[in-house]
Number of protein chains: 2
Amino acid sequence: VGRAVQARLDLKTKPRGSLGGLERLAVRIACIQRSESPALGTPVVIVCAADHGVAAEGVSAYPSSVTAQMVANYAAGGAAVSVLARHAGARLVVVDCGVAEPLAVPGVLDRRIGPGTASMLRGAAMSRAQAIQALETGIALAKEQLGEARVVALGEMGIGNSTSAAALTCALTGADPAVACGRGTGLDDEGLARKVAVVARALERNGLTPGAPSLTPRAPSLTPRAPFDGDAVGILAAVGGFELGVLAGIALGAAGRNVPVLIDGYPASAAVLVAAALAPELPGSLIAAHRSSEPGHRIVLEALGLQPLLDFELRLGEGSGAALALPLLAAALKILDEMATFEAAGVDDSGR
Amino acid sequence: VGRAVQARLDLKTKPRGSLGGLERLAVRIACIQRSESPALGTPVVIVCAADHGVAAEGVSAYPSSVTAQMVANYAAGGAAVSVLARHAGARLVVVDCGVAEPLAVPGVLDRRIGPGTASMLRGAAMSRAQAIQALETGIALAKEQLGEARVVALGEMGIGNSTSAAALTCALTGADPAVACGRGTGLDDEGLARKVAVVARALERNGLTPGAPSLTPRAPSLTPRAPFDGDAVGILAAVGGFELGVLAGIALGAAGRNVPVLIDGYPASAAVLVAAALAPELPGSLIAAHRSSEPGHRIVLEALGLQPLLDFELRLGEGSGAALALPLLAAALKILDEMATFEAAGVDDSGR
């Protein structure tokens, strides 16, 4: 499929390969969709939200109550992802995967696994059964929500979830907490040091320090060339989040339907890293929307073997970067569909 | 203006600065437009085309006849820039600034300075009077074509014009021809070596080697901090092109009307470098759409003090990269216009 699409691109009125990344993007979408006529349909942006017990440990600049407030904001159309999804002509789906207090907001899907996770400092964030339920919920959401959409963009909201993302990244790639932790939505130096210590203690508390049985083989272990063969579900249960588990499931479900998965910032990417640990072929279905200013995001993108489309120093999450990148995907496919060939346009292509 | 717009962004439901480059882009557009309510209107993409005498020296993979063929393709809607301008909701304006054989293509503006330039290897590419005519033509085009548009994207077409861009870059920044020349639309190693030699000889033939009177002060001379005070019009006449002179004029005209100038690849950026040599405050009105795979493009962007929005390894020109970036500008302004404030959305902003 890739070769056929590149051959079509090579007939267009431009020197071969001169649209660089835009041509590669068109080929990638075609390969994921297994179609020589790739299309986006109406893109779907799915934002999964849940609360994190670890937020009580002072790892975020915002209180947990903001998770629910922002979910209402997504549904009302006032958040960044609301604006950017509209701009991209995408449908926004907001999912409550376990916000602390149940929401009564119209338009938010109720897929609650529990009232927020437990603190990973005191044991596993969730039970193994809940981790599996989160994954299955995501797989079911992909089946139910994608409809005619041929691309899905993943976003998240959950105060404290960049701490969970860092812990997942450390457990799955062997990265050091000091490298995997960033300022999230706005920590100062002291807050950042606290976050690093919390992640290190959480990993230890859950038996996820290097050499632990669940982590075989050791770091950096998850690459497209060296699939992870540790206990990814156990890691998700220990230091993950409900919304991250659901996102991992959506990625698996979408990939299984040949739908490209456009991933956003650090938490969404770490969620997909869990999915990739379960399904080593998953990275072939992913497109990285951007590289955020979170240092750990780079680690995850490298582990997944992905080159991001944008480098805008975003650090908001909620799928904002993925929604921002959607028009680039649409542009790549329009190049394939709408450009004239040398022959049709009467342009001399002897120079090729 | 910038402070007022940033203050508005800081009230939106997101941690301060968390949309990184997107926020900076909104602020920049507002500052250029000198308006706290920046807007794009219907963007205009202007593609200027002309032929180059130097094309006969074997510096391009394509023959000069392709310039005219592609102009017809732009007007017919089949070229990359046609597709991407449509995708961005922009109006495409195609200008014949001096294609070798006059075109009879409906929808192409006739602003011919001459039937292609002379070879810069045998003297100046054009007369000083023609260089001034090109600049004035561009300034007039900005006045006449921008209308209600609040942003203009610049593109070019001209077989041989990346050689002209390299010579302009060397003359204006003191860069070495070996660094300023790239493969253009598809030269092999031998062709690239020939191009480097042609640029070096053209600079020498026109008295533009380092130390020449027209080049005071010496390289690298053109930066936002050290304005060029050599003879930029003479340099444009010696090694420029008709379409590049017109583009320089459009940039000057647009900036004078507080309209942001979105620049594309190497030739368009080198054209704007000429304009910046004439008007040292011009870079403040520029936005770089992307960094192309032409090595000299990086030199020009650095001389102009610009950070590109995209890094897609494009090397097509014709305004394709600028058109591709337009939806990012629109997204930045929608963030400013459409996002809810913390207060309006009832979101706790104590964390800021």
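Four salt bridges are counted between chain B and chain A, a salt bridge being a side-chain nitrogen of Lys or Arg within 4 Å of a carboxyl oxygen of Asp or Glu. In one of them A:E338 pairs with B:R86, and their closest N and O atoms are 2.9 Å apart. Before we go on, please note that this is a predicted model, in which local features need pLDDT of at least 70 and side-chain atom pairs count only at pLDDT 80 or more, while totals for chains, interfaces and linings use all residues. Residues are numbered from 1 along each chain as its sequence is written, chains are lettered from A in the order in which they are written, and side-chain values use heavy atoms, with hydrogens and water left out.

Let us stay with the interface. The rule finds 20 residue pairs in polar contact across it, both residues at pLDDT 80 or more; a polar contact is a pair of N or O atoms within 3.5 Å, where, within protein, one must be able to donate a hydrogen and the other to accept it, and residues adjacent in sequence count only if both atoms are side-chain atoms. On the side of chain B that touches chain A, α13(B) gives the most, with nine residues. Helices here are DSSP runs (H or I, at least four residues), strands likewise (E, at least two), numbered from the N terminus.

In all, 55 residues of chain B are in contact (heavy atoms within 4.5 Å) with 54 residues of chain A. The area buried between the chains, meaning the accessible area (1.4 Å probe) that two parts lose on being put together, summed over both, is about 4300 Å², and carbon and sulfur atoms give 64% of it. In chain B, the residues that lose the most area to chain A are B:Y62, B:H87 and B:F312, together 14% of what that side buries.

Now turn to the inside of chain A. Strand β4(A), residues 152-157, is largely enclosed by the rest of the structure, because six of its six residues are buried, that is, under 20% relative accessible area (1.4 Å probe, protein chains only), with exposed over 50% and partly exposed in between. A:V152, A:L154 and A:E156 point one way from the strand, and A:A153, A:G155 and A:M157 the other way.

What flanks this strand? Strands pair if DSSP finds at least two bridges between them. β1(A) runs parallel to β4(A), joined by six bridges, with A:V44 partnering A:V152. Three bridges join β4(A) to β5(A), also parallel, and there A:L154 stands opposite A:I263.
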